[in-house]
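Please read these comments with the sequence and the 3D view open. They are set out as numbered points.

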Amino acid sequence: MDRLVFDVAHMLAGGLVLVSFVMLYQDRLSALLKVYALHALVLTASVAWQAFVHDAPHLYITAAIALTFKAVAIPIALHRIIRRLGIHREIETVVGIGPTMLAGMALVALSMVVMLRVTPEADPLAREDLAFALAVVLLGMLTMVTRRNAVGQVVGFMALENGLVLAATGAKGMPLVVEISVAFSILIAFIVIGIFLFRIRERFDTVDVQALDRFRGDRR
Amino acid sequence: MIAWDLDALAAVLLVPLAAAAALALLPGYRATSRLNVLASLLTFVAALTLLVGERPAPGAYLMIDDLNIVFVALSTFIGFTTSVFSASYIAHEIETGRLTPGYLRFYHAMYQVMMFAMNLALVANNIGLMWVAVEIATLSTVLMVGIYRSHAALEAAWKYFILGSVGIALALFGTILVYMAAIPVIGEGPDAMVWTVLIAHAAGFDPALINVAFVFLLLGYGTKVGLVPLHAWLPDAHAEGPTPISAVLSGLLLNVALYALLRFKLLMAANPGALATGPLMMAMGLASLLFAALMLYRRRDIKRMFAYSSIEHMGIIVFAFGIGGPLANFAGLLHMVMHSLTKSAIFFAVGHITQVKGTQRMADIGGLTESHPWLGWSLVVGVVAIAGLPPTGVFMSEFLLISSTFAREPLLAILLVLGLLLAFGALLLRVGALAFGEIRGPVAPVKASYLPMLAHLTLVLVAGVYLPAPVVAWFRHIAALLG
């Protein structure tokens, strides 16, 4: 049984890293959003499994939030926004796919080396989770920096937050306050982003961040 | 007595929260800007009661100790004076139509939400709660930076939001790692996130794990302090938001992030096997100082210039705490207080100046001491103080820092002095053109309350000549605590 518990948790966390890679090479916004929904689904499964294994019912709440909010509500809402703006077919990566994937692999290797080395005493499950979580966080950042479009960056940021949720649930018995706050922060973040996208649209008729770069301070 | 102090602690948090709700609902900018001032004053009074009264015992979520009370008193004071400045600043913005009453309501509510979040971050006894509070403070300031809805303001807010969020995400990862390190010693559950419990058991933590945690925390909270490779958001956020927000960003928010860093530095110091945090902080501090000092020369926007000056001074403070030891810590604390007071006073002056001149371009502003003597001379005094000339408090703290650095690390002291002189030159060069010479720009009289600005500058000047013995003893005590 122990072996199975470990393997399933391992598979789900590894799956999250894999989906992060899939996000890296999406060059269309609508596809990126679909992959993000999958990312959130895998996270939900992973958190629910942790809840079951550790017999920690409060984690089911976190799982439910991830499912309803991140896997369904946000992708649908963002999808509507990009449809309305007519940018769902946008191709908008900054660097080529090849170099991005190589950088992603390097980041995963880095997080494995760092996290596995510093946590020899921790519970093996938590150890693996933490290493995968760091990989997801770093891949989320990579997704952010390789996108030129505001929506793409936001999706990268949300993937990054998924990595944090994975880390928080992997750390056994971490107080509830933090998990809710993580979910809550995403809610707030989304509201902020919603407002910003609305405002950016209003002003520029585009959500291409390059358009914003022109207005950088001293070059006026 | 204890009940009273608990109430004061609650008041520091609940007054801003209640005020935020009220300000979000009430119409009419005159009344609401007065309510904003009143709420900030009440919060400051509550903080003073905490300062003089007996301390409540640390609870599971909140605590007051010798270190954070200084930060609480300082931020509520500047929060109060800034609200006074904000009232006259906002009146002008409404008259010129840059802000509509609806946005103003939002602005006031966000101001109090930010005060609440900053106070919560300071008094939190739980590293998770502290993180949540810093995040709320970030989001509320993001919204205020973008309030003018101009191209530049939106870009600044977006940049601030993205960089701030990534920073805060890294800080959360570091926080989780600290919790992981605490589990084997303290056990699972809420206790392993309580600050007072953590510090008591820090010696037993796995050094390798908290080393990694500290790197994440330094990068995360360091972004919010504005340390150099991570500072990109800071000049834009200062330059494009309303000037009262520039004042609180420089005067308060940077300090709150610094406070979080100091807390974790203490945790590292309590563990014999952990890496020395001093060299990391010294390197980042020195890099910030030198980089910002050089950047000061090419600024054309007045608010942006003082934002770079904030990066420079945060660099000095982080460097001081990095060196450590009673003298350097004392200098760091004093410098932090003096910088907050001086920089917010400068932003008060700059706020009125940009309003009357209708521009932030320094080339379009000139001869202020002739056209607006109060503003002009206050700016001169403020810049002289921030550049570190005697007889001001900043001079004293910088002098202490330089002498203790010479005693400990002579080579670094040369770099430190070089950075200070570079910044000094840039600031005096600019202020000469702004304050003296021919009058440029409109000369309409300014309707402003000079009180907050003058109060800050007086404090800074007095501190340069005479620090009361209790304050010195107090700072010395905290400096010893910081190790």
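Predicted model: local features only at pLDDT ≥ 70, side-chain atom pairs only at ≥ 80, totals over all residues.

1. Residues are numbered from 1 along each chain as its sequence is written, and chains are lettered from A and ligands numbered from 1 in the order in which they are written.

2. Chain B has 19 helices and zero strands (DSSP runs numbered from the N terminus: helices are H or I, at least four residues; strands are E, at least two).

3. The C-alpha trace of chain B spans about 65 × 55 × 45 Å along its principal axes. Of its 483 residues, 60% count as buried (20 or more other C-beta atoms within 10 Å of the residue's own, with C-beta atoms placed from the backbone).

4. Helix α2 of chain B covers residues 29-52. Its 24 residues should span 34 Å at 1.5 Å a residue, and the end C-alpha atoms are 35 Å apart, which agrees (the expected span is 1.5 Å times one less than the number of residues). Among the buried residues of α2(B) are Y29(B), N36(B), F44(B) and L50(B).

5. Helix α3 (residues 66-96) and helix α4 (residues 101-123) of chain B pack at an angle of about 170°, with their axes 10 Å apart (axes are lines fitted to C-alpha atoms over the stretch in contact, and angles run from 0 to 180 degrees between N-to-C directions). That makes α3(B) roughly antiparallel to α4(B) (an angle over 145 degrees).

Definitions and conventions
Buried ≥ 20, exposed ≤ 12 C-beta atoms within 10 Å, placed from the backbone. Parallel < 35°, antiparallel > 145°, perpendicular 65-115°, else oblique.
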